[in-house]
Amino acid sequence: MAKPGMYFGQFIDHDITLDNTTQFGQRPDVNTLPNARTSWFDLDSVYGETNQYLNPEGLFTIGKNAVGEDDLPRDAAGNAIIPDGRNDENTIISQLQLAFLKFHNKIFTDLQLQNPTWLLPQLITQAKKNLQWHYQHIVINDFLADLTGKYFSRLFD
């Protein structure tokens, strides 16, 4: 049985690595393999390169599935409209993606209420930064701590 951290590890992998040049069945040269992602735990797999997946109000659009439950936004063919299609490979990863979309929306609306004079770019920048900080905290203090066990303090002290 898969551990919950395994799926979060897959989500993290999608945030820091993407090879969109190698075809299935090819054996790439790992020394020259390009990475289309940043390695900064910055959720570019959620936001895209330029926040282009946010709607004009600065929020992520939340879709609905066939039974009316919240889901990733999808096109007419049922494909998720997200920066990294790998985050729709299975239900758990797609729900993690959806959780980050919804968390951004919550942070954004809270910031908007608390700072009514802020312009849209300020709200987007701060909401994204807050979400990244939460994500980075989870990666370091939960995921990596669990993964490295007793060696965790040697890595981060």
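Predicted model: local features only at pLDDT ≥ 70, side-chain atom pairs only at ≥ 80, totals over all residues.
**View 1. The salt bridge between D70 and K102.** The side chains of D70 and K102 pair in a salt bridge, with an N to O distance of 2.8 Å. Because D70 belongs to strand β2 (residues 70-71) and K102 to helix α3 (residues 91-114), the pair ties together parts that are 32 residues apart in sequence. D70 is partly exposed, at 27% relative accessibility. K102 is likewise classed as partly exposed, with a relative accessible area of 38%.

**View 2. The salt bridge between D71 and R74.** D71 and R74 form a salt bridge in which the closest N and O atoms are 2.9 Å apart. D71 has a relative accessibility of 10%, which is under 20%, and therefore counts as buried. R74, by contrast, is partly exposed, its relative accessible area being 30%.

**View 3. The salt bridge between R74 and D88.** R74 also meets the side chain of D88 in a salt bridge, at 2.8 Å from N to O. Both R74 and D88 lie in the loop between β2 and α3, so this pair ties together parts that are 14 residues apart in sequence. D88 is partly exposed, with 25% relative accessibility. Elsewhere, salt bridges that share partners join K64, D70 and K102 into one network.

View 4. S45 is placed in helix α2, which comprises residues 44-47. Leaving aside residues up to four places away in sequence, S45 touches H14, D15, R37, P83, D84, N87 and Q97.

**View 5. Overview of the salt bridges.** Side chains of opposite charge can pair when their charged atoms come close. The count for this model comes to six salt bridges. Among them are the pair of D70 with K102, the pair of D71 with R74 and the pair of R74 with D88. Of the residues shown in these pairs, D71 is buried, whereas D70, K102, R74 and D88 are partly exposed.

Terms used
Residues numbered from 1 in each chain as written. Heavy atoms only, no water. Salt bridge = Lys/Arg side-chain N within 4 Å of Asp/Glu carboxyl O. Helix = DSSP H or I, 4+ residues; strand = E, 2+ residues; numbered from the N terminus. Buried < 20%, exposed > 50% of the residue type's maximum accessible area, 1.4 Å probe, protein only. Contact = heavy atoms within 4.5 Å.
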